[in-house]
Amino acid sequence: MDCMEPARFLCPCDSPGKHTGVGCHALLHWLFLTQGSNPRLLRLLHRQAGSFPLAPIWQVLEREKRLTSAVGGASLREGAGTGARLWGGAKGRAGLKRDSGNRTPGWGGPEGAGPRRWLPRPYLGWAHPFWCSCFSRRHRSRGRMALKQVSSSKCFGGLQKVFEHDSVELKCKMKFAVYLPPKAETGKCPVLYWLSGLTCTEQNFISKSGYHQAASEHGLVVIAPDTSPRGCNIKGEEDSWDFGTGAGFYVDATEDLWKTNYRMYSYVTKELPQLVNDNFPVDPQRMSVFGHSMGGHGALICALKNPGKYKSVSAFAPLCNPVLCRWGKKAFTGYLGTDQSKWEAYDATYLVKSYPGPQLDILIDQGKEDEFLSDGQLLPDNFIAACTEKKIPVVFRLQEGYDHSYYFIATFIADHIRHHAKYLNA
């Protein structure tokens, strides 16, 4: 069964901002119309929703009855000062007047197995606070952002899926890939985020890197987002391969033309992790990040700007000092403006000099025959020098004969998965 199945019962009265447990309302409305206050049903719901107030439920109803008139139903009529009560017994019978226009049939409970009891119809309202209180935060948060499954394929015992959603940060539809290892069927798993390089989509990594076997063996959920917003109709976003579409550079743009949509840093560090945490079996306390080229730059700055958030970080041929390379200067000028002090907030070499957090164990693989290394785009020596000065351990491996391609990544991807699994499964 898809991990998204529980959120697929949609209620037309719900909306993302109402915090109303999408799907559960529709289901409960039908159940109580037909089953009433069946104690067995209540116990089942108690097991399904960890916060369902089973024992003191009549107290909840008493507390909520004041809101009856506000939700558009007949008023609750009291008797003997005992208020509403779901279970049977004399007090429960006295507490509700059986008005034919304000009742839903049910069964007697443990205190009295006799006549039917009546549940006031106002308490069946879609957005009534009582029903909202019956669901855990996890269920409610699922209703805030809908995911559409684009594809699903079995791979090494797990599932490689792609989803689409409407991004709040980027103001457009975004796709991301998620690999669910076999262990995800029985419990929560650590999560590893991959950030791709220039011109890539969510497809490049999942199709070319060959990471699935290692991720399956180590029980890691792997998330691979797209590299930029798409289809935003911004002037110039399609003009070049190293700026705009496919080249978000994992920054939050401040220039007027780009600042509304190009917020990839906030997307990959805030919105996407929250979306993943709400909808997939992951442990949010165990997450790491890695990437390639522009995505390697993204992985390094995400870890360095968020001390303690990521257990580990690694990169393949990253842009280590973008304020000094042509790609970085072009992107930062376009997204952040000409004030170079703003650029330093997204430069790993500058960030590591002032890194205040727990010690990071950084792994970097670099192909020796990489044309962008010899062209001065990557500048790993500057980053290594800054790490040495700050006494932050970094393992830098210069791989003889390898270039910048996915053949290079596929050769050493298992090493990087093991590197992260060492910390994520500790």
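In this predicted model, ring pairs join Tyr 179, Trp 194, Phe 205, Tyr 211, Phe 290, Phe 316, Tyr 402, Phe 408 and Phe 412 into a cluster. The count of aromatic pairs comes to 23, and one of them, formed by Phe 205 and Tyr 211, is stacked, with 4.6 Å from centre to centre and 15° between the planes. Phe 205 and Tyr 211 are both buried. A further stacked pair is formed by Phe 243 and Tyr 335, for which the centres are 4.4 Å apart and the planes are at 25°. This pair links distant parts of the chain, since Phe 243 belongs to the loop between strand E5 (221-225) and H9, whereas Tyr 335 belongs to helix H11 (residues 326-336), the two residues being 92 residues apart. Phe 243 is buried, as is Tyr 335.

Aromatic rings also take part in arrangements with a lysine. Lys 305 lies over the face of Tyr 265, at 5.2 Å from the ring centre, and Lys 305 likewise lies over the face of Tyr 346, where the distance to the ring centre is 4.8 Å.

In soluble globular proteins, nonpolar side chains tend to be buried together. When residues up to four places away in sequence are not counted, Phe 383 touches Leu 300, Leu 304, Cys 320, Ala 348, Thr 349, Val 352, Ile 362, Ile 364 and Val 394.

Cys 320, one of the residues touched by Phe 383, is buried, with a relative accessible area of 0%. The count of disulfides comes to zero. For Cys 320, the closest cysteine sulfur is that of Cys 387, and because the two sulfur atoms are 8.5 Å apart, they are too far from each other for a bond. Cys 325 is also in no disulfide, the nearest cysteine sulfur, that of Cys 320, being 9.7 Å away. Cys 325 counts as buried, its relative accessibility being 1%.

Burial is found for a polar residue as well. Ser 266 lies in helix H9, which covers residues 264-279, and it is buried, with a relative accessible area of 1%. The side chain of Ser 266 is joined to that of Asp 252 by a polar contact of 2.5 Å. Leaving aside residues up to four places away in sequence, Ser 266 touches Glu 169, Asp 252 and Glu 271.

At the level of the whole protein chain, there are 16 helices and nine strands. The chain has 426 residues, of which buried residues make up 55%.

Notes: Residues are numbered from 1 along each chain as its sequence is written. This is a predicted model: local features need pLDDT of at least 70, side-chain atom pairs count only at pLDDT 80 or more; totals for chains, interfaces and linings use all residues. Side-chain values use heavy atoms; hydrogens and water are left out. Contact means heavy atoms within 4.5 Å. Helices (H or I, at least four residues) and strands (E, at least two) are DSSP runs, numbered from the N terminus. Buried means under 20% relative accessible area, exposed over 50%, partly exposed in between (1.4 Å probe, protein chains only). A polar contact is a pair of N or O atoms within 3.5 Å; within protein, one must be able to donate a hydrogen and the other to accept it, and residues adjacent in sequence count only if both atoms are side-chain atoms. A disulfide is a pair of cysteine sulfur atoms within 2.5 Å. Rings of Phe, Tyr and Trp (its six-membered ring) pair if their centres lie within 6.5 Å; planes under 30 degrees apart count as stacked, over 60 as edge-to-face and the rest as tilted. A charge sits over a ring if NZ of Lys or CZ of Arg is within 6 Å of the ring centre and within 35 degrees of the ring normal.
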